[in-house]
Amino acid sequence: MDGQKTGMTTGDESGVRSLAGTSLAGTGVSPGAGYGPAHVLAGEIPEPDKESRHDGDAAAERARAERAVEEVAADLEARGDRAGGEAQEVLGAQALMARDPSLAIEVGELIERGVAAPRAVFDAFGKYRDLLAAAGGYLAERVTDLDDIRDRVIAVLTGLPMPGVPASAAEPFVLIAKDLAPADTALLSKDVVAAFVTEQGGPTSHTAILARSMGVPAVVGCEAFMAAATER
């Protein structure tokens with residue numbers, strides 16, 4: 001539905017947006033109004049093959065994984081430095097999460113068993129993802145942060161394009177996504193993104209916090225919105 005005009009309004013407690021006459025409700029996390037062509041953010045990093053194995057040199061594969069993690073952590077810090085303010089704090093915390101020694105040990109142990117680095121990263125991060133999700137509340141909303149780090153590391157390891165939001169557009173658009181990572185939200189420009197709506201997320205997610213600090217109108221937790229968007 002890229003190109004179709006979409007409008008959305010948000011308040012402090014609730015959000016409602018319209019899509020060619022269709023109204024759907026979510027939670028407004030950053031007040032304001034936005035209008036423009038709809039841009040559906042798709043293209044998730046695919047799950048690595050469950051049976052993928054490395055060539056037998058575990059030390060080299062571990063080093064490859066460590067370099068990829070450090071590259072992603074450094075990029076998150078650089079994005080935070082460019083954005084400043086709350087974004088710098090959020091992305092700095094995400095970089096620390098990427099460098100967590102427990103995750104590195106888990107990845108290393110899987111590689112020692114012959115698992116290729118991309119799959120080892122996927123499985124190791126998945127273990128901690130499940131723990132955060134099961135905890136509920138604030139910790140569960142950190143799942144998006146962890147998923148984003150995982151996907152960025154896998155993209156580096158596999159040579160896939162890094163996930164993210166377009167940096168420029170002919171006119172500001174309303175961004176529609178399953179969820180947005182803090183690394184993408186931190187560098188959103190109001191000249192590019194008039195507003196955004198996600199199917200997942202909550203008012204205490206890092207994405208919501210950054211949207212408020214940047215003054216970008218945003219609604220989260222709008223279930224089935226992507227399906228409604230792609231059907232039109």
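Which residues in the largest nonpolar core touch the most other members? Leu76, Val107, Ile111, Val121, Ile149 and Val153 do, in a core of 35 residues.

## Basis of the model

This is a predicted model, in which local features need pLDDT of at least 70 and side-chain atom pairs count only at pLDDT 80 or more, while totals for chains, interfaces and linings use all residues. Residues are numbered from 1 along each chain as its sequence is written, and side-chain values use heavy atoms, with hydrogens and water left out.

## Chain overview

The chain has 9 helices and 7 strands; these are DSSP runs numbered from the N terminus, with helices being H or I of at least four residues and strands being E of at least two. Of its 232 residues, 50% are buried. Buried means under 20% relative accessible area, exposed over 50%, and partly exposed in between, with a 1.4 Å probe and protein chains only.

Among contacts with a separation of 6 or more, 64% join residues 24 or more positions apart; a contact means heavy atoms within 4.5 Å. The accessible surface is about 10600 Å², and carbon and sulfur atoms hold 52% of that surface. Areas come from the Shrake-Rupley method with a 1.4 Å probe, and for residues only the protein chains shown count as cover.

## Nonpolar cores

A nonpolar core is a set of buried Ala, Val, Leu, Ile, Met, Phe, Trp, Tyr and Cys residues joined through side-chain atoms within 4.5 Å. In the largest nonpolar core, Leu76 is among the residues that touch the most other members. The elements giving two or more residues to this core are H1 (58-83), H2 (85-98), H3 (101-112), H4 and H6. Beyond its neighbours within four places in sequence, Leu76 contacts Leu91, Gln94, Ala95, Ile149 and Ala183. Another core lies apart, with 16 residues that include Val165, Ala177, Val192 and Val216.

## Largest pocket

The largest pocket has a volume of about 830 Å³. On a 1 Å grid over the protein atoms alone, a pocket is an open set of points with protein on both sides within 12 Å along at least five of seven lines, whereas a cavity is a set where a 1.4 Å probe fits but cannot get out; lining residues have an atom within 4 Å of a point. Points are joined across faces, edges and corners, and the volume is the space filled by probe spheres set on them.

The lining has 38 residues, and Glu44, Asp147, Asp151, Lys178 and Asp179 lie nearest the centre of the pocket. Helices H4 (117-135), H6 (143-158), H7 (182-185) and H8 (206-214) each give two or more residues to the lining. H6 gives the most, with 7 residues. By class, 16 lining residues are nonpolar, 9 polar and 13 charged. Here Ala, Val, Leu, Ile, Met, Phe, Trp, Tyr, Cys and Pro count as nonpolar, Asp, Glu, Lys and Arg as charged, and the others, Gly among them, as polar.

Asp151 is placed in H6. Asp151 counts as buried because its relative accessibility is 15%. Leaving aside neighbours within four places in sequence, Asp151 contacts Ile45 and Pro163.

The buried residues of H8 are His206, Thr207, Ala208, Leu210 and Ala211. Ala208 has a relative accessible area of 0% and is therefore buried. The C-alpha atoms of Ala208 and Val29 are separated by 5.7 Å, although the two are 179 residues apart along the chain. H8 is followed by Gly215, with a positive phi near 75 degrees.

Pro166 sits in the loop between H6 and strand E5 (173-177). At 31% relative accessibility, Pro166 is partly exposed. Not counting residues up to four places away in sequence, Pro166 touches His39, Phe173 and Val192.
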